[in-house]
Amino acid sequence: MAKKRTHSTGPFRERAILVGVNVRSQGDYWALEDSLAELSELARAAGANPVERVTQSMHKPSPTYVGKGKIEELAHTVKHTEVDTVIFDDELSPNQQKTLEDKLGVKVIDRTALILDVFAQRAWSREGRLQIELAQTEYLLPRLAGQWSHLERLGGGVGTRGPGETQIETDRRLVRRKLSRVKKEIAQVQSQRDQQRMQRTGGNAKIVSLVGYTNAGKSALFNKITSSGVIERNQLFSTLDTTTRKMWLPSGVSATISDTVGFVHKLPPILVAAFRATLEEALEADLLLQVVDVSSPYAAEQAQVVSDQLADMGIGDTPKILVLNKLDLVASSSDEPLALSMLEQIDVSQFTRVVTTSATKGWGMSDLREAIEAEIAEPGVDTSADMIGQNV
Ligand SMILES: Nc1nc2c(ncn2[C@@H]2O[C@H](COP(=O)(O)OP(=O)(O)OP(=O)(O)O)[C@@H](O)[C@H]2O)c(=O)[nH]1
Ligand SMILES: [Mg+2]
């Protein structure tokens with residue numbers, strides 16, 4: 001019999017098997033091994049210990065995520081490796097999750113729950129906590145039915161029913177009430193944020209926003225450019241809160257620049273929706289600085305994920321400067337041209353300019369400032385092609 005079902009996204013330290021599929025009809029440009037490598041990092045960040053990976057290639061998606069035979073194989077592996085948890089590389093529907101948990105006899109977690117878990121651990125501000133609470137509650141709501149199934153199997157009865165309604169209905173009501181409370185509090189925080197922005201910018205200063213994959217070096221660049229002390233760490237999702245500062249451009253004009261939360265492959269839409277207040281700076285930006293870690297073997301895929309997610313957020317058309325960061329890890333000096341093969345992999349046509357930087361060495365900072373100034377003054381005059389190979 002399956003263990004008690006929980007959908008807690010709180011911290012856990014368990015031995016885990018990672019499961020991913022490659023669905024050919026969906027043609028994901030992200031290789032399965034790369035996605036699982038990242039899932040493994042996310043699992044570790046959440047405190048789990050991934051001990052095994054199981055993959056399957058399929059022609060079309062399976063209603064049970066993996067095929068029947070694979071589930072049997074998985075159940076066998078679960079027994080023999082004594083794992084506590086199986087983590088799936090995509091968001092599972094409540095039904096899929098329940099079926100898999102029944103068949104495997106251990107806790108089943110999906111990529112969304114894992115990302116929510118990592119976010120929950122990093123949220124320290126009131127706004128961050130509220131937003132993660134909103135995302136977790138939205139995630140939990142459709143999964144409540146499954147959570148009570150262990151009681152339903154016992155035949156309901158004492159302690160499982162309120163007067164005239166089932167426990168699950170009572171729970172749903174409580175959770176909905178919590179949802180509306182959290183949403184109200186977020187709205188309050190957001191209106192304070194709006195006021196602050198108006199005071200800061202006087203309503204007309206240009207807004208520049210750093211965006212990019214988690215761990216690309218956004219906070220490091222932000223600190224360098226504004227001489228601030230935002231936490232920069234070699235971990236996924238160091239930054240959850242937006243920090244905004246005034247920055248001076250070479251001609252003496254000022255703009256505001258914001259450091260924002262990082263993106264990740266298969267970022268759950270509920271999380272993006274919940275973090276809308278935090279992402280407001282990016283949503284309203286006149287100019288985006290899309291930061292890419294050039295030392296990552298997945299730099300091109302990561303750049304594509306961010307571009308796709310910006311488009312999903314409705315800001316795919318905001319002018320963007322491509323900032324190729326961590327140059328020091330692939331070049332010995334700021335003069336060494338960046339290997340063109342790197343640029344060939346990234347679709348540079350969507351960017352108005354390209355700048356190479358090293359936030360830690362301070363390379364390329366004046367180029368970046370000049371590019372920002374030029375872009376704000378005369379958006380889109382330069383073309384990326386002219387800028388490629390032009391170095392710091
Ligand atoms: N060698 C090198 N390391 C860098 C550079 N820029 C950032 N880093 C390091 O990369 C790690 C991640 O940097 P952050 O600035 O925290 O990255 P981020 O994009 O803000 O990440 P999230 O907030 O998690 O989305 C840190 O350990 C930084 O010190 C760089 O140009 N060169
Ligand atoms: Mg950061």
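How many aromatic pairs does a search of the whole structure find? The search finds 5, where rings of Phe, Tyr and Trp (its six-membered ring) pair if their centres lie within 6.5 Å, and planes under 30 degrees apart count as stacked, over 60 as edge-to-face and the rest as tilted. This is a predicted model, with local features needing pLDDT of at least 70 and side-chain atom pairs counted only at pLDDT 80 or more, while totals for chains, interfaces and linings use all residues. Residues are numbered from 1 along each chain as its sequence is written, chains are lettered from A and ligands numbered from 1 in the order in which they are written, and side-chain values use heavy atoms, leaving out hydrogens and water.

**Aromatic rings**
- Tryptophan 30 and tyrosine 213 are stacked, sitting 6.2 Å centre to centre with 20 degrees between the planes.
- Tryptophan 30 and tyrosine 213 are both buried (under 20% relative accessible area; exposed is over 50%, partly exposed in between; 1.4 Å probe, protein chains only).
- Phenylalanine 119 and phenylalanine 275 have ring centres 5.2 Å apart and planes at 85 degrees, so they're edge-to-face.
- Phenylalanine 119 and phenylalanine 275 are buried too.
- Trp30, Tyr213 and Tyr298 are linked into a cluster by ring pairs.

**Ligand 1**
- A polar side-chain atom of aspartate 328 is 2.7 Å from a nitrogen atom of ligand 1, a polar contact being a pair of N or O atoms within 3.5 Å.
- Lysine 326 has a polar side-chain atom 3.0 Å from an oxygen atom of ligand 1.
- For phenylalanine 237, a backbone N or O atom lies 3.0 Å from an oxygen atom of ligand 1.

Conventions. A polar contact is a pair of N or O atoms within 3.5 Å; within protein, one must be able to donate a hydrogen and the other to accept it, and residues adjacent in sequence count only if both atoms are side-chain atoms.
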